[in-house]
Amino acid sequence: MIDLFQQHLQKNGFAQQEIDQLIQSAKLIELPEHQALLHQGEVANDVFFMLEGICHSAYLTDKGKKFSKEFYWEYDWIIGFESLINQQASPYLIETITRCSILSLPIETLGKWRKERHDIYLKLLETQLMYKEKKERFMLLHTPEERYELFCLNFPSLLERLNDYQIAGYLGITPISLSRIKKRSQN
């Protein structure tokens, strides 16, 4: 599993010394489905890298509603930069959807790299920023139908691993809207 992490880092431009530092501070954790990695309101002690499985982050309201923030799957980083930068509790829940193999890295390490303006921190920040911009473009520039088509095209394996409620959450639409889109695409 560590080999997958190392290959991912190499592919994303990390130097061998940086890879060695990350691997040295990483801990492999195996979690069952529906396990909280971080509860909303908790202060994060770790950042995570997905090796296998699917996780989900969501905002929980006082009225019992759950708003999907993001899904994470193989080779995704789960980093709460807002919490790290502002030294505050997480404004959202992070939980496993499926069984997961995850690398956990101490948030203190990331905080130290941030303070030192370490290249690793900059690369992680850039990776997250690029991902967020792609997701923003995906959500803003495409209709719900186009988002569903792009989702099917880019993530065919997730269609089998997520239910319609979860896919709708990722696409920013209701399950009813997704059902209508799927029905129209079959005709």
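Select glutamine 166 to begin: at 12% relative accessibility it counts as buried (buried is under 20% relative accessible area, exposed over 50% and partly exposed in between, with a 1.4 Å probe and protein chains only). Glutamine 166 sits in helix H8, residues 164–171 (helices are DSSP runs of H or I with at least four residues, strands are runs of E with at least two, and both are numbered from the N terminus). Show Phe71, Ile97 and Arg161 too, since glutamine 166 is in contact with them, leaving aside its neighbours within four places in sequence (contact means heavy atoms within 4.5 Å).

A word on what you are viewing: this is a predicted model, where local features need pLDDT of at least 70, side-chain atom pairs count only at pLDDT 80 or more, and totals for chains, interfaces and linings use all residues. Residues are numbered from 1 along each chain as its sequence is written, and side-chain values use heavy atoms, with hydrogens and water left out.

Next, select serine 101, which is found in strand S8, residues 100–106. Serine 101 is buried, with a relative accessible area of 2%. Its side chain makes a polar contact with the side chain of glutamate 30, at 2.7 Å (a pair of N or O atoms within 3.5 Å; within protein, one must be able to donate a hydrogen and the other to accept it, and residues adjacent in sequence count only if both atoms are side-chain atoms). Not counting residues up to four places away in sequence, serine 101 also touches others, including Met1, Phe49 and Leu51.

Now move to helix H2, residues 16–25, and pick out its buried residues Glu18, Ile19 and Leu22. Seen down the axis of H2, these fall within an arc of 100°, so they line one face of the helix (the arc is that of the directions from the helix axis to the C-beta atoms). Gln17 and Gln24, on the other side of H2, are exposed. Among the elements covering the buried residues of H2 are helix H1 (2–11) and S8.

Finish with the lining of the largest pocket, to which H5 gives the most, with eleven residues. H1, strand S5 (66–72), H5 and helix H6 (144–154) each supply at least two residues of that lining. Colour the lining by type and you will find 13 nonpolar, seven polar and eight charged residues (Ala, Val, Leu, Ile, Met, Phe, Trp, Tyr, Cys and Pro count as nonpolar, Asp, Glu, Lys and Arg as charged, and the others, Gly among them, as polar).
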